[in-house]
Amino acid sequence: MFWRGVWGYLPANIVQGVVGFLAIILFTRLLSPEDFGRYALAFSVMTLAHVAVFSWLEAAMARFWAAQAPGAAQGHFASLYRTAFALSAGFVVVAGLVVWFWPVDPLFRIALAAGLLGAPARCLVKLAQERYRAAGEVSKAANLDIAVAVGGLAIGVGFALMGAGGAAPLLGLGLAPLAALPFVLPGELKQARGGGFEPGRVREYALYGYPIAASLALTVVLASTDRFLLAIYMDEAAVGAYHASYSIANRTLDVLFLWLGTAGQPALVMALERGGLERLKVAAREQLSTFLLIGLPAAAGVALVARPLSEVLIGEELRTAAASVTPWIALSALLFGLTAYYFGQAFTLGKKTKRLLIAMAIPAGLNVVLNLILVPRFGLMGAAWATAASFGVGMVSTWLIGRPVVALPIPWESLVRCGVATAVMALVVSRLPALGGFGELMLDASVGGIVYAIAALTLNAAGVRDVALKVLAQRGLWGATA
């Protein structure tokens, strides 16, 4: 199931990556640094609100679909969707009042309203996506992801060209899922026919999902505290530069981890539900080895090409400051990816999600303290240091607290081999000439990719050589020449 999902979700994640980079290229040029900063702040508030209100429903859909007995799924869908509609109605009212009475910059208020009012539609689309993924309907989940991503970018760019400022990207994020609802919601609501709202079921889902939502909220705090402190101690343009850098590094790594995690999380749940702990450990070891094989060189690569990457992707007013912090954000993205998409799965698999909340509270608190200390003195670089240190502590705390729940294995041999291959790649790339711009980016990326591939195959990192030989043998290529 894991590899079917990996290949099935690959097109969607390629599109997500392209859309993410295009968003950086376009919005850092169409928006002023101040407007881009307002967008970054409003995006943080929007994300926190969505997580606090809706994410527990999405987590419950992902975790409990596979465990439904035959004939019991109607109650599952009816309970989740009726709760979602009730929460949406209350959310719109409260969000409207908050936006109206919050004494903030009018331009920021417009951006915030655009982001918050799109949250209910995003939740309903996300529920459908989680059901598709849990059911193994890879093409449906991938196509919906592509449509929403591309539509959101197109709508956002359109509003930016019309002068909507910092609200433009957020209007795209809200209107694209709203446009998708007529195509996905009727089919999902059919799943609830014959079922009714079950308070006991919702209570169980809330006890499971709210700690996940709270831990995600703490993750948002981890990723957002620096922006608000930069706005306080510096200005919105500094927030824009930091968010542009964060978007480059985090988007690159997050797309990779989301790709693998989208396929991996349902596969781990299915392995545990259908095969027990032994089958789970086999699947988990394979997944983390794959994460390391791809994630380590990706993070190192982003750090190595920070300057030419920023010259290509980021508007001129933001690129210099953004390039300086990109390597640290790349490290943060790698640590977060390992935490969220692997070590954190121990709590959801074991249904001990309250412990996940404890694990994430540690780095979130540390992040606030470090930002208060470092941002006033070191500015953007202080924020980057605080983020990297906090995510490192978060990964370790999640691993240690999660081990008694479900002891997910660490393939140390794969870690060492992938690390050595990454170090060889980094050494070679660091010696290449600094051509600047697109030329340097392509040179570094192509040489780095070739060197890493040769090193990984030579070392058999994460068993990649074994897999390659197996594929060649299946196609008759290896046996014919051996």
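**Entry 1: H5 against H7**

I looked up how helix H5 passes helix H7 in this predicted model, and I noted a left-handed crossing. I then took the geometry of the pair: the axes of H5 (residues 119-134) and H7 (residues 167-190) come within 8 Å and cross at roughly 50 degrees.

Next I listed the residues that make the contact. From H5 I wrote down Ala-121, Arg-122, Leu-124, Val-125, Ala-128, Arg-131 and Tyr-132, and from H7 I wrote down Leu-173, Gly-174, Pro-177, Leu-178, Ala-180, Leu-181, Val-184, Leu-185 and Glu-188. Sorted by class, the contact of H5 with H7 holds 12 nonpolar, 1 polar and 3 charged residues.

**Entry 2: cysteines**

I searched for disulfides, taking a pair of cysteine sulfur atoms within 2.5 Å as the criterion, and the count came to 0. I also checked the exposure of two cysteines: Cys-123 has a relative accessible area of 0% and is buried, and Cys-418 is likewise buried, with a relative accessible area of 0%.

**Entry 3: Trp-385**

I located Trp-385 in helix H14, which covers residues 380-402.

Methods
Residues numbered from 1 in each chain as written. Predicted model: local features only at pLDDT ≥ 70, side-chain atom pairs only at ≥ 80, totals over all residues. Heavy atoms only, no water. Axes fitted to C-alpha atoms, helices over the stretch in contact; angles between N-to-C directions. Helix = DSSP H or I, 4+ residues; strand = E, 2+ residues; numbered from the N terminus. Left-handed = near helix turned anticlockwise from the far one by under 90°. Contact = heavy atoms within 4.5 Å. Nonpolar A, V, L, I, M, F, W, Y, C, P; charged D, E, K, R; others polar. Buried < 20%, exposed > 50% of the residue type's maximum accessible area, 1.4 Å probe, protein only.
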